[in-house]
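Work through the exercises below with the sequence and the model open beside you, and try each task before you read its solution.

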Amino acid sequence: MSIWRGLKQALISDEGGGPVAAGGPDERGATLKPLPEGAMIIIPLRNTVLFPGVMSPLSIGRSGSVAAAQEAARSEQSICFLLQHDAEKNDVTPDDVHWVGTVGQVVRYVTAPDGAHHLIIQGQSRVRVLEFLDGWPFMVGRVAAVESPETMTPEIEARFLQLKERAAEAIQLLPNVNEELAGAVQQINSPVLLADMVANLMDVSAEDKQTVLESFDIKQRLDLVLNILGQRVEVLRLSREISDKTRKEFDERQREHVLREQMRQIQKELGEDEVSAAEIKELKQSIEEAGMSEETLKHARKELRRLERMSDASGEYSMLRTYLEWLTELPWKDEPQEAIDLAEARRILDEDHHGLEKIKRRILEYLAVRKLNPQGKSPILCFVGPPGVGKTSLGQSIARATGRQFQRVALGGTHDEAEIRGHRRTYIGALPGNIIQAIRRAKSRAGVLMLDEIDKLGAGGFHGDPSSALLEVLDPEQNASFRDNYLGVDYDLSKVMFIATANVLDTIPGPLRDRMEVIQLQGYTEEEKLEIAKRYLIKRQLEANGLKQEQASLTDAAIRALVSGYTREAGVRNLEREIGSVLRSVAMKIAEVKAEAVTVDADDLHAILGARKFENELAQRSAVPGVATGLAWTPVGGDILFVEASKVPGSGKLILTGQLGDVMKESAQAALTLAKSYFDESLGEVDLHVHVPAGATPKDGPSAGTAMFLALVSLLSGKPVRADVAMTGEISLRGLVLPIGGVKEKVLAALRAGIKTVMVPRRNEKDLEDVPASARANLEFVLLDNVAEAVRCAMDIDPGELSTSKEEQAA
């Protein structure tokens, strides 16, 4: 780009819009009223700033500007030229222009054969617009001249001489410059005129020139022009250095080109296809422009020289060419990152997902750190939670909030290490691993890469261990030099934001889990599911079924009925399916013209979906001794389970059924031993049977002790456990209630089942902070230190009143 325009530049089309036929009021015969004293015709300019003492060509096309120029030429009046704020705007008002401009005289007015209007303007003086006047077909305003005194102080003279020197230096750096230009600049003796002349000739933006025009103090104006010119001189100097280096390299390449041309002719005589030469040339250009590291570039050039010496009929030719194409198509350069807007990122996360405050806060924390430290390493997150809670879609929202590309790698069932690290090029059909392939698809080395279902990686075997291969990928200290077996060179993964997803942590190897920041996604409450359905699910299913919002709607009662009666899950996947079924029924009615709009209420669901699939578990309970409600954690969220105890005449055995694991069997033994300590007489003449439905589902875990103890105590005392109470916690032989895990999931399961009171170990009190406020408000929590407190709460009796006799046992 040239920095100087030249004194005799071609005409600049500043008005645009093409030729406009003259059609002002004066051309129709109307008489324009004279301008009041101090008023002047004004023409707005799109991208040009006129300076005093400078002659500039203009081309105008807007009807108002043409009428103004014709009136000024007819009446031999000067014109005030003002710069527009927005160059694209055609209908200009006083608020759309700068109020400081230049008065100019029309030296020449030419109308071209194509209808265009060309002016030669001589700039005269700076002016400031005082007010704009109405009543003319063009802009008119009162203006006042801005005087710039020509006082030559030592400070101004020093700047004046320095500006001349800089201008001469810039002219010398320009190629093919007119020699008269340097002489004309050196002959200027006025600092005011020199500053305006240099500012006019510099190739800078119109806004920068307007800033110079609005600098009324000559000292300030000279400093401003010197600063802008200094920057442009540096650019010119660098351009000259680059040009000299390019010329030297060009001479070397010229010799190389001659030799290659001779080789090409030899290959042509040998009958080799010219297409291969074109492909190699394209590959070479791609390698040079890819932005590889020095080591990788050296390796790629070496492989390209091997390819040039090969015949395209060789089997290795296509393999090597494919390898070089992979190298060139990977993103090697550091792409510029967009400015981080935390408010916009927060809006996007809130728009895409309801709740999940902990994860949103962690993403915003990362963005805040990235804003303060752009070179920081990206976090490696692992979202763990039941199916359907939004782990994968959350990754897409994070990519959108951070302005990055998103790619997903499915790891479920992956059993070959080469799926991660890639195959060696010695194998036919070898390819890079899924990590490198995803980065190539993203076309960015700083994208968001989701490693989906990382807990379902296949076990290691003779193909290698894929989880061990991921250790290097997910280690921030190592992945800056990740080496894929296929590429054979280091690739930087440190800018990639890795997000893994899993249903459970237990199946993820410890070293791999240690490299990730684990964030738990728990199940949703009924209120949260209601909001998610109203905000996202219904809208998505309306679009999927070809319905408009005014054609179908579901009441809140209908959504609540779907949540409680037709789905039983921690997430919302089945809820969306049921909403889809309801809307398909609505779509059929509308398609058959049986209705124009349908509102589905809770009473309509039976006719559409059939009978409720789930009933309140508490309805299945009867107020009989020997039954207690426990709380369990599962990979798909929390659930409630019933512990049933019964006694029959026998020899004092304990019978356990319900596919209980070893841990739960030991909990039952501890509960029985502890229960015996509350009763006076031996239980050697009865057999106790403890059953945990459903029998087809395997169960295990260290949190059923309290429920088993209360079931046995209720059986032996003949007093039932309250139906609205559920409990969780392990017990010791001393009667202590020990802490457990999965508190949030268990509490949400209790809320879904209609439980009113939940008993948890006191040492789990801190975990209740993770329970949503709406759930805490609808439940009463009892914190347990020992089993005696559990007996008081669940059975409304004092433990000292517990006793039994042989007669009661026989009964």
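**Exercise 1.** In what order do the five strands of the open sheet stand, and is their pairing parallel or antiparallel?

*Solution.* The model is a predicted one, in which local features need pLDDT of at least 70, side-chain atom pairs count only at pLDDT 80 or more, and totals for chains, interfaces and linings use all residues. Residues are numbered from 1 along each chain as its sequence is written, and side-chain values use heavy atoms, with hydrogens and water left out. Strands are DSSP runs of E with at least two residues, and helices are runs of H or I with at least four, both numbered from the N terminus; two strands pair if DSSP finds at least two bridges between them. The order is β8-β9-β12-β7-β13, and the pairing is parallel. Because β8 (406–410) and β13 (517–520) each have a single partner strand, they stand at the edges, and one side of each is left without a neighbour in the sheet.

**Exercise 2.** Find how many bridges join strand β7 to strand β12.

*Solution.* Strand β7 covers residues 380–384 and strand β12 covers residues 497–502; five bridges join these parallel strands. Within this pairing, Phe383 stands opposite Thr501 in β12.

**Exercise 3.** Identify the salt-bridge partner of Arg306.

*Solution.* A salt bridge is a side-chain nitrogen of Lys or Arg within 4 Å of a carboxyl oxygen of Asp or Glu. Arg306 forms one with Glu316, and their closest N and O atoms are 2.5 Å apart. Arg306 lies in helix α8 and Glu316 in helix α9 (residues 315–329), 10 residues apart.
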